Amino acid sequence: MKVARTLACVIVVAVCALSLGANWLAPEGYAKQFREAPGAPPSHQHLLGTDELGRDRFARILYGTRISLLLAPAAALISTALAALVGGLAGYLGGIWLKLARGFTDLFLSLPWLFLLITVRALLPLNVSPLVSVLITFLILGLLGWAASARVLSTSADSLRNSDFVLQARASGLHGPRLFLIHVLPNLKPVLYAQFWISIPVFILSEANLGVLGLGVAEPLPSWGSLLRELEGLISFREEPWRLVPLFLLIVVLTSFQTLLSSEEVTA
Amino acid sequence: MTGRRSFLRILFCFALLSALALFSTAAIAQNGGQLRFCLRAEPKTFDPLLVDDDASLAVRYLTGGVLIRVNRHTQDLEAELAESWKISKDGKQIAFKLRHGLRFSDGSPFAADDVAFTMQRLMDPALHSSTGDAFRSGTGTVTTKVLSADQVVVTFPAAVAGLDRLFDQVAIMSAHSPKKEGAVLGPFMVGEYKAGSSLLLERNPYYWKKDAQGRRLPYLDSIHLDIQANRDVEMLRFKRGELDLINVLDTDYFDRLASSSPQLVHDAGPSLDSDFMWFNQVANAPIPEYRRAWFRSTNFRRAISLAINRDDLSRIVFNGHAQPAVGPVSPANKFWFNSKLKADAHNPQAALALLKADGFHMQNGTLLDKNSNPVEFSIVTNAGSKPRERMSVLIQEDLGKIGIKVNLVPLDFPSLLERISQKFNYEAAMLGFRNVDLDPNGQMNIWLSSAEDHAWNPKQKAPETAWEAEIDKLMREQASSIDPKKRKQSFDRVQEIVYEQAPFIYLVNQNALSAVSGSVSGANPGILSPQTFWNAERLTLNGTARASR
Amino acid sequence: MLLRRIARHLASIVVLVLLGGLLSATLVRLAPGFDSDERELDPSLNAESVRALRAQRAGEHNILGFYAAYLRGAMHGDLGTSHALGQPVRSLLSERWPVTLRIAGIGLLLGWLLGSALAFGASLWPRPSYEVLGTTLSGAFLCIPAAVLALLSVILNAPGYLAIAFIVFPKIYRYSRNLLAKAYAMPHITAARARGLKEIRILIWHVLPVAGPQMIALGGITVSLALGASIPVESLCGLPGIGQLAWQAALARDLPLLVNLTVIVTLVTLLANSGADVMIHILRPREA
């Protein structure tokens, strides 16, 4: 396990370094269109070829990594925090709070949020900068993505409420927020970590789908989601295998994240 | 012994010959089989008078019988249900002589009162039929007079330009049949319909047309239409042999298919469709005043048009299967296209010169207007059209080279529509125009300044500019005349004004691309819709394909 | 006591379903583009026709009025008529729900089989390589867009429920694995092992009672995950189910259809989650 953890650490650091060094590694930038060579295969000049508009794919992956790797975990953090708040707190408090939270969560899971997103786009000015649109997109994703795990958390917290060590802690005088933070919340970690880890790729992919509504990362800014959506038109992977690189990169980074996160849970 | 042997020999030869004869007649008869292709959306209605969307139009083309048909290949008029027709000198009246003894698909007889019934229903203003509205040249009622079982006269309150061609859109309905819209005169009729999934069209047993050998048309037994919006899946199924044709093929798929099976794809040359963008010129639109001033300036619009590299758009987005567009009519429309006009070549220097004339100047790579506002605007377009999204990114870079910052906003279609036709909270928009009609009279509601579809500034109470007033005058002239030469003169001038003033900045005319599988015989893909199955009644499926199903 | 609990659940389900329908109708109504019909762009239509097109939706402008009329109709069995497909909603739904039930149901079952097999396997034989394998496998499928998985199933001629299974199993695996790992990390497990108890007995008697309730709750929410996954899968694989209907309805802003679909989804979600709650209550000896 130590080997795996070291390897994971190296990978994550390497990816971060590459994306931070994008300005040096891909000086032409992600937007420049090499119009004489659209859809070109990998070459000396373009390590992963060019996309259908002649933009260097390697540069787009590097710059896209910055955005997605920074914002998707941030959004995942928001949704995890909300899940802990609604699900965990409600389960801990029990009674009417639990019922209300469960009802609210179930309703939240069922509503067509597509229309809220369309309305948000309508409320935003048309000329918002790509960076702002990205921030807003991931913020919304974080605010909407907590419901499923909140439901599981409410069950976890509910069972914890009546468990021996919580009763013991209460008996010894610990109450309210401190009890929640010190004894209950740490025991909710399995679900919270799972939620965090799953949310990262889900949000990266959702951001691309939001492009259909005018939210999401605005052109010419690249994002992993839009790079992954390129795969949709690919009927034969054998023809252009380099197009799978963003997918492999994401899988590798995600696996590395999980290996780093699971320090406590995995038995020796 | 010899007698029996020779007898057997003769018997054998006879058997062989008769088997060959049977086989060859079976091959010649070649009847039957099921043609399969996809509709990209759900047909919204089966009522032929209310049809407006592509899928319903396809169904109407295959099931509806019309009086006059525009041959999609030669663009000439052909007599269908009407044996002959005559338009009066003033263009207000058309008299039809119908064919005898025809029947609807349920066996009920076809006669002149069915035509009268259809026209009356079509022209009822409460119906709000777009086909009917196309005939509405002036206020007043349309009258029909049945002279005999096979003669009917339709009279309009004012002259209708291109009157006979318009009847290609009018599918005759039965006045008496209990099946109402289910009784049709076309080669096929609606069989089984599974909403959201598929539609089966069966051969109309009472279809009147016969081929040169006297055999009843259509050759096909049925047509199976799948409702599939996703083009990747459509392409996959075509490659696997589950579909027989793709009516409108995307450029990406065309090239991919052409590299493996070039005999299956067809590029019929420039179509009638155009892609274009325009700027919001509405007087009280909720956009900053200084931006509105830019959009209302002809120099600004012409400069944008010059700064766009249309050759790159054709080459990169369409891989050469498109050409730069110059106006509302594509060169494929040979009669109506003003051949003196040429699409703007990419010329950033000329663009900057025009902008300078309006007081714009460059500063540190950014273009500023005369009040030092940086030139920045947004282009809305509908998400889901990959070619348009790609064109907008190329345009973003083209305009970036002359210091203009463009923000691209793909939107879902209803939101886009609301912005461009109701709320006017947009700055620039990019859309495409699917032109089904050769005659520009169908575009009246785009060019009249008081009309709904005058996209950059609709529903004006009075024309706000001199050139829009001139366009109004010219369009009305061509609508009220029936001399094609005079109409062409007027419309040529309209095209010139549109080029000079650039209210629409035309980008490209896409080529008509389609794919037809090897099992289909008789297909002749063209540019007029429906491109591949316009002669569905004469299409056949060859034997090998039939055996494998 | 149990019956009373179930009755209370059912009552709250009814209230929440009604509320859900109203909220979704409001969301759809307030979103821009409600009035727009793409037929407006047809230049053949004259001004009166366009006005008539816009007026078609006038009856739906007042949301409360619309919802009240809808509920009244629903009590007689009339669920309204779809704008996009021009057919009564009731017949559309009754034709299509078996398809969705089939692919979402089988997909969910397969997803649970795969996810829990991997999770339990990694728990019973805790080797780092199994851990990495499980993580990589589930991570891989989590990163592939649902549309791509659906397209792959079309290319490979695989049934639609496989795509749903592969969309759902990574989440099941990750949650289950974490829950099981946490349960295994508890001190009395080490004590049980020290006493020489077999792994299977430890799993059934000591781990499952701790992790079980949460996994049942997980089961509840995976139902809505499977329903959500059915939308892209049905649309791309051409399966005429409710997911495909939902997508068409959303694109067309088809209010009657959308309200009915939300009601169904809310009902199914609530039933699944409440069912999970009731099951947990039955299995847990202690009273909350």
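Let's start with the largest nonpolar core. It holds 160 residues, and A150(C), I164(C) and V168(C) touch the most other members. Its largest share comes from chain A: helix α3, residues 57-93, gives 18 residues. Keep in mind that this is a predicted model.

Take V168(C) as an example. What is V168(C) in contact with, once neighbours within four places in sequence are left aside? On one stretch, G107(C), L108(C) and G111(C). Further along the chain, T222(C), L225(C), A226(C) and A229(C).

As background, nonpolar side chains tend to be buried together in soluble globular proteins.

Now chain A on its own. How many helices and strands does chain A have? 12 helices and zero strands. The C-alpha trace spans about 75 × 50 × 35 Å along its principal axes. Chain A has 268 residues, and buried ones make up 49% of them. Look at contacts with a separation of 6 or more: in chain A, 71% of them are between residues 24 or more positions apart.

Who touches chain A? Chain C does, with 54 residues in contact with 46 residues of chain A. On the chain C side, the elements that give two or more residues are α1 (2-30), α5 (128-143), α6 (146-155), α7 (160-184), α9 (199-237) and α11 (255-283). By class, that side has 35 nonpolar, 14 polar and five charged residues.

Chain B touches chain A as well. Here 24 residues of chain B meet 20 residues of chain A. The chain B elements giving two or more residues are α6 (231-239), α10 (310-317), β17 (376-382), α12 (386-400) and β18 (405-411). The classes on this side are 11 nonpolar, five polar and eight charged.

β17(B) and β18(B) run parallel, joined by seven bridges. Within that pair, I379(B) stands opposite L408(B). Is β17(B) largely enclosed or left open? Six of its seven residues are buried, so the rest of the structure largely encloses β17(B).

On to chain B as a whole. It has 17 helices and 22 strands. Its C-alpha atoms fill a box of roughly 110 × 60 × 40 Å, along the principal axes. Of its 549 residues, 50% count as buried. For contacts with a separation of 6 or more, residues 24 or more positions apart account for 67% in chain B.

Chain B is divided into two domains. Domain 1 covers 47-227 plus 518-548, and domain 2 covers 274-510. Their C-alpha centres lie 35 Å apart. Where they meet, 10 residues of domain 1 are in contact with 12 residues of domain 2. The domain 1 side has four nonpolar, five polar and one charged residues.

Next, an open sheet in chain B. Four strands, in the order β4-β5-β7-β6, with antiparallel pairing. Which strands stand at the edges? β4 (82-87) and β6 (143-148) of chain B do. Each has a single partner strand, so one side of each is left without a neighbour in the sheet. Neighbouring strands are turned by 20° against each other on average, direction ignored.

Zoom in on one pair. Five bridges join β6(B) to β7(B), residues 151-155, and the two run antiparallel. V146(B) has V152(B) as its bridge partner in β7(B). Helix α3 of chain B, residues 112-122, packs on this sheet. That helix touches β5 (93-98), β6 and β7, and its direction makes about 180° with that of β6(B).

Last stop: Q510(B). Q510(B) lies in strand β20 of chain B, residues 504-516. Why does Q510(B) count as buried? Because Q510(B) has 25 C-beta neighbours inside 10 Å, and the cut-off for buried is 20 or more. Beyond its neighbours within four places, Q510(B) is in contact with S271(B), D273(B), F318(B), H321(B) and A322(B).

Technical notes. Residues are numbered from 1 along each chain as its sequence is written. Chains are lettered from A and ligands numbered from 1 in the order in which they are written. This is a predicted model: local features need pLDDT of at least 70, side-chain atom pairs count only at pLDDT 80 or more; totals for chains, interfaces and linings use all residues. Two residues are in contact if their C-beta atoms, placed from the backbone, lie within 7 Å. Ala, Val, Leu, Ile, Met, Phe, Trp, Tyr, Cys and Pro count as nonpolar, Asp, Glu, Lys and Arg as charged, and the others, Gly among them, as polar. Two strands pair if DSSP finds at least two bridges between them. Axes are lines fitted to C-alpha atoms, for helices over the stretch in contact, and angles run from 0 to 180 degrees between N-to-C directions. Domain bounds come from an automatic or database domain assignment. A nonpolar core is a set of buried Ala, Val, Leu, Ile, Met, Phe, Trp, Tyr and Cys residues joined through C-beta atoms within 7 Å. A residue is buried if 20 or more other C-beta atoms lie within 10 Å of its own, exposed if 12 or fewer, and partly exposed in between; C-beta atoms are placed from the backbone.
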